[in-house]
Amino acid sequence: MTTFSARIGQSMASGSRQLLSGLQPGEWLSQGKQLLLPLVGILVFLGFWHLAAPQVETSLGAFPGPVQVWEQSGQLWQEHVSQRERADKFITMQEERNARILADNPKADVRIRAYPGAPTFLDQVVTSLLTVLAGFALASLIAVPLGIVFGLNRYFQAAVNPLIQIFKPVSPLAWLPLVTMVVSATYVSDDPMFEKSFLTSMITVTLCSLWPTLINTSVGVAAVNPDLLNVSRVLRLSFWTHVRKVVLPSSVPMIFTGLRVSLGIAWMVLIAAEMLAQSPGLGKFVWDEFQNGSSQSLSRIMVAVLAIGFIGFLLDRVMLLIQRKVAWNE
């Protein structure tokens with residue numbers, strides 16, 4: 001066993017030496033900068049935050065520093081674990097009760113009710129992610145086909161472009177009351193598939209995030225290489241074949257640029273919509289903590305702020321990874 005471990009260690013050391021020896025001095029410097037500079041920036045930010053936070057006094061006490069925010073994140077995690085344990089016990093008690101009832105009366109109508117406890121911070125994160133992905137998917141399904149049509153027909157684009165420029169800068173705070181009233185008036189069901197709050201937030205996200213994808217898609221389609229268009233004409237490709245074989249592959253880089261911008265906008269819009277409409281999610285969590293006004297509220301809000309930023313960063317990285325797998329220029 002010792003000999004085997006020693007061989008493994010020698011192999012790893014040999015591989016590491018070969019990898020490091022393969023790097024040129026310039027590559028060493030480049031790799032060092034890529035790792036060191038972001039780390040230095042983060043440390044400087046944390047240091048400034050740690051020193052400046054105690055100097056800011058609010059009605060709820062001093063502004064929380066990194067240590068207080070870290071401790072509060074651990075507490076939120078513990079609250080989530082405790083809530084899940086209570087939920088599991090609640091379900092188990094119902095299952096045991098139903099088993100006893102069915103043992104006495106096999107035809108009895110038994111049900112299991114959902115745990116009535118309030119959603120935890122992590123539950124709110126999951127809710128926001130599902131909402132933003134649904135709204136972004138709907139926006140993409142609308143924007144990409146329309147962008148292709150606009151890019152292929154300059155007359156249609158000229159006719160619709162004024163409407164795009166009018167609706168593009170509209171704030172989600174302006175859309176939200178209209179969407180809320182329309183959903184309340186039209187989505188009426190005794191057994192709804194989705195909650196009205198979910199639909200309201202999702203549609204608001206869609207209305208605010210589809211414009212970058214729509215514009216970038218139309219620009220990418222209009223900028224297809226004329227030589228490719230001539231080849232398509234010579235081969236007499238049908239419209240759908242022309243779009244699938246020539247237009248889409250050529251415009252993929254611009255489409256994904258628009259999708260990345262749209263996803264970032266969708267995430268920002270969602271938080272504002274949840275705060276204003278009091279829909280379940282991270283935005284509602286922030287608003288509830290602000291209204292709560294406890295000594296821990298500021299720390300909990302800062303945890304939510306950092307979570308919002310980190311999730312937005314991860315969403316952008318995922319889109320970039322997909323772009324590198326799909327776009328030919330990557």
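Strands, labelled E, are DSSP runs of at least two residues, numbered from the N terminus. All views show a predicted model.

**View 1. Leucine 60 sits in a loop between two strands.** Leucine 60 counts as partly exposed because its relative accessibility is 29%. Which residues does leucine 60 contact, leaving aside neighbours within four places in sequence? They are Gly293, Ser294, Ser295, Ser297 and Leu298. Glycine 293 is 233 residues away along the chain, yet the two C-alpha atoms are separated by 6.8 Å.

**View 2. Threonine 217 lies in helix H7.** This helix covers residues 196-222. Threonine 217 has 0% relative accessibility, so it counts as buried. Not counting residues up to four places away in sequence, threonine 217 touches Val144, Gly147, Ile148 and Ile255.

**View 3. Arginine 300 and glutamate 79 meet in a salt bridge.** The N to O distance is 3.2 Å. Arginine 300 belongs to helix H11 (residues 297-326) and glutamate 79 to helix H3 (residues 66-104), so the pair ties together parts 221 residues apart in sequence. Arginine 300 is buried, at 10% relative accessibility. Glutamate 79 is partly exposed, at 31%. A network of salt bridges links Glu79, Glu289 and Arg300.

**View 4. Aspartate 123 forms a salt bridge with arginine 84.** Their closest N and O atoms are 3.1 Å apart. Aspartate 123 is in helix H4 (residues 121-152) and arginine 84 is in helix H3, so this pair ties together parts 39 residues apart in sequence. Aspartate 123 is partly exposed, with a relative accessible area of 22%. Arginine 84 is partly exposed, at 31% relative accessibility.

Conventions
Residues are numbered from 1 along each chain as its sequence is written. This is a predicted model: local features need pLDDT of at least 70, side-chain atom pairs count only at pLDDT 80 or more; totals for chains, interfaces and linings use all residues. Side-chain values use heavy atoms; hydrogens and water are left out. Helices (H or I, at least four residues) and strands (E, at least two) are DSSP runs, numbered from the N terminus. Buried means under 20% relative accessible area, exposed over 50%, partly exposed in between (1.4 Å probe, protein chains only). Contact means heavy atoms within 4.5 Å. A salt bridge is a side-chain nitrogen of Lys or Arg within 4 Å of a carboxyl oxygen of Asp or Glu.
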